[in-house]
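Hello,

Here is the structure I said I would pass on.

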Amino acid sequence: MKRPSASLVAALLALAAAVASAGAQAQSDTIDEIQKYRQQLQDGNPAELWEARGEALWKQKRGPKNASLEACDLGKGPGVVKGAYAEMPRWFADADRVMDLETRLVHCMITLQGFTFAEATRRPYGAGSNRSDFESLAAWITSESKGVTMNVALGHAKEREAYQLGEKMFYFRGGSHDFACATCHGEDGKRIRLQDLPNLTRKAGAQLAYTTWPAYRVSQGELRTFQWRLYDCFRQQRFPELKFTSEASVALTTFLAHNANGAAFNAPAIKR
Amino acid sequence: MADPMRIRIAEKDGLVNVRILMSHEMETGQRKDSSGALVPAHFIRNVVATYQGRTVLSAQWGTAVAKNPFLEFSFKGGKKGEKVIVTWEDNKGDKRTDEATIS
Amino acid sequence: MNRSRRSAVRAGGVLALLMAAGIRPSLAQGQQWNQAAFAGKTLKDALAALGAPAAAASGSILIKAPEIAENGAVVPVAIESKLPNTQSITLLVEKNPQPLAASFDIPAGTEPSVSTRVKMAESSDVYALVKADGKFFVARKEVKITIGGCGG
Amino acid sequence: MKPRKPFVALLAALLLAGCATLSDEEASRRALDVMKTSFKERGQAKLDRLDQDDAQRACSVPPGTELPKATTERLEKANLAAIRYPSDGKLMGDWKAGERVAQSGVGMQYSDDPKRPAGANCYACHQLSKQEISFGTIGPSLYHFGKQRGASVAIQRYTYGKIYNSNAFTACSNMPRFGHKGILTEQQMKDVTALLLDPASPVNQ
């Protein structure tokens, strides 16, 4: 066979490069356009509807003790909501436990309002008109930390232990698909379909991700909290069902929230 | 009863910008629930905004408007401190009226 | 245009629907809702029911919508008309089961510009129909809907 | 204050361990104990999903961690030996069916109907065809996979084997072991093999 001429090779190489760059161009256009879509959504976040409900719920007298949650101590003193979320999860002396926001709310519903654990946690995640009190309360409480710098301390031994266990769970591979959290969130610049995957093992990624939950999910038309984020990631990891406010959920939240320290909290957000 | 709307109204150089978020499922009537039964259509059909008794926008909506609807428009001649009143009515006859002050 | 006839058809349609659904029209039913147009299953049917079977294409109507939306459940669409005496702005999504999504009457003093969010069943052309000075004009823009997330 | 020896030793230990309160081994054990009480079985996802096999245990490390060569060799050998090739000797199915499997992301979740076939969700992580712009980048692009490699029996065996058990070729791969874990049926794996290798498949256009 005749060897291809140098000019033919050059032409083929140029063609290949053109095809490749056209592909890359199309891909970057796609990303740009998706970015524009996300931008357009920012204006008018239905999370506000949940925030309004949450504020009313916080002040409403409920439960066997007919009490509001206004005396609930989120870590900065009874009733102090401003900036509280940016320091959670944290260890609480009265429960001798590390608690994230939802866990603490359950604690207050039991101790202040007189609900049982089962009553308080009847509906962790809402669906349509069957709303979750936690999603409303979390929307409002977290909105009171907007702009506050994340500062989750590991001063207490139980906080350090929670962080350490959370880190282990983050890399734990299991289930039918061998997935760990790290499978999708352990490298820079990856995406699933067209969704960017934050690298949660690095500060920038953890900050970007953690500070934008809770979020209004347009795909669901619901306001979702960080507990939900973990719950649904594990479903898609093909793990069994994560129990609401379980020790593992709080440990993982501690790991991720602490990694986000130093960033300004910026939720409730709006996401796909 | 339906939850209140969130209405943000700002006046600048005589132009009043109105942004409304409504709490509504906007069911298409084509979605099935977990048991496989069709969820009946339930959606806002009419929206009217008034300023000092005059209609500044009226809308007819179908099921394609997204859940928890967002609406933005602007009108001329509104004054700071005055109110805009917004009403919606859905296909089941449920209604909601809220007002907000121009800031 | 035969306005009274259209109104009569519309009212009849609404009544029939309400009766079929077992709902009595409320006494405050002062507003109209164009049943025939919203029920139209094709763009052509919807435009005909809106009284605009042959709207002229216009470069004076701007549609702001994403070229690619990550999710069809919420697609932001803003429409602005530069046509003088704009009376109404109507938004249609060609490939939705019922293309007519929303229609806005623009009274004098209101800017001919509205912004809302619609559901899109699939990638489709989005149409903005504008009535100005008694005549209909139209513009369109394609919006692609992609599959997102982890897929389950 | 004059620092005393035990204090210095304690300080050094703390520095060495960072902020950790548990040893690495203790932490792994405790984490598993905590997980066992933090999850509940639902639908097809039972608690045994938390019981790790050798590969899962060895691979529960941060991405980029260099594992000892003996470990990766052990894992690859065991996983390679576990591959079951189709008894009829045919490795290529229908690329059109393979495309549907590649697009579908359901299967094995507690929210999924166990009677319905699972998908492979290839597009979640890989580019495959020109037409599908919504693809992920966790795995490499597979566009022109067959065009570059041909479809010899050796390539077919490698492709089918990789789908069946990715760890046979790369220990601790991010890719699920679709055959080994019973996610896909033999026919589905043949169909995906065809999607990658068939000259008529959109992957090779």
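Two residues are taken to be in contact when heavy atoms lie within 4.5 Å. By that rule, the contact between chain A and chain C draws on 20 residues from chain A and 19 residues from chain C. Please keep in mind that this is a predicted model.

Chain A against chain C

The two chains bury about 1,800 Å² between them, and 56% of this lies on carbon and sulfur atoms. On the side of chain A, the residues that lose the most area to chain C are Glu33(A), Tyr37(A) and Gln40(A), which together make up 35% of what that side buries. There is 1 salt bridge across this interface. Glu70(C) and Arg38(A) meet through their side chains in a salt bridge, at 2.7 Å from N to O. Two or more residues each come from α1 (6–42) and α9 (226–236) of chain A. Of the elements, α1(A) gives the most, with 7 residues. By class, this side of chain A has 8 nonpolar, 6 polar and 6 charged residues.

Chain A against chain D

Here 44 residues of chain A touch 58 residues of chain D. About 4,700 Å² is buried between the two chains, 56% of it on carbon and sulfur atoms. Arg173(A), Arg193(A) and Glu241(A) supply 17% of the area that chain A buries against chain D, more than any other three residues. The interface holds 6 salt bridges. The side chains of Arg30(D) and Glu247(A) also meet in a salt bridge, with 3.5 Å from N to O. The largest share, 7 residues, comes from α6(A).

A strand pairing also crosses between these chains: β7(A) runs antiparallel to strand β1 (residues 39–40) of chain D, over 2 bridges. Within that pairing, Glu241(A) has Lys40(D) in β1(D) as its bridge partner.

A sheet within chain A

Three strands of chain A form an open, mixed sheet in the order β6-β5-β8. β6 (222–224) and β8 (269–271) each have a single partner strand, so one side of each is left without a neighbour in the sheet. Neighbouring strands are turned by 35° against each other on average, direction ignored. β5 (residues 215–217) and β8(A) pair in the parallel sense over 3 bridges, and Arg217(A) stands opposite Lys271(A) in β8(A).

Regards

Methods. Residues numbered from 1 in each chain as written. Chains lettered and ligands numbered in written order. Predicted model: local features only at pLDDT ≥ 70, side-chain atom pairs only at ≥ 80, totals over all residues. Heavy atoms only, no water. Buried area = accessible area lost by both parts, 1.4 Å probe. Salt bridge = Lys/Arg side-chain N within 4 Å of Asp/Glu carboxyl O. Helix = DSSP H or I, 4+ residues; strand = E, 2+ residues; numbered from the N terminus. Nonpolar A, V, L, I, M, F, W, Y, C, P; charged D, E, K, R; others polar. Pairing = 2+ DSSP bridges. Axes fitted to C-alpha atoms, helices over the stretch in contact; angles between N-to-C directions.
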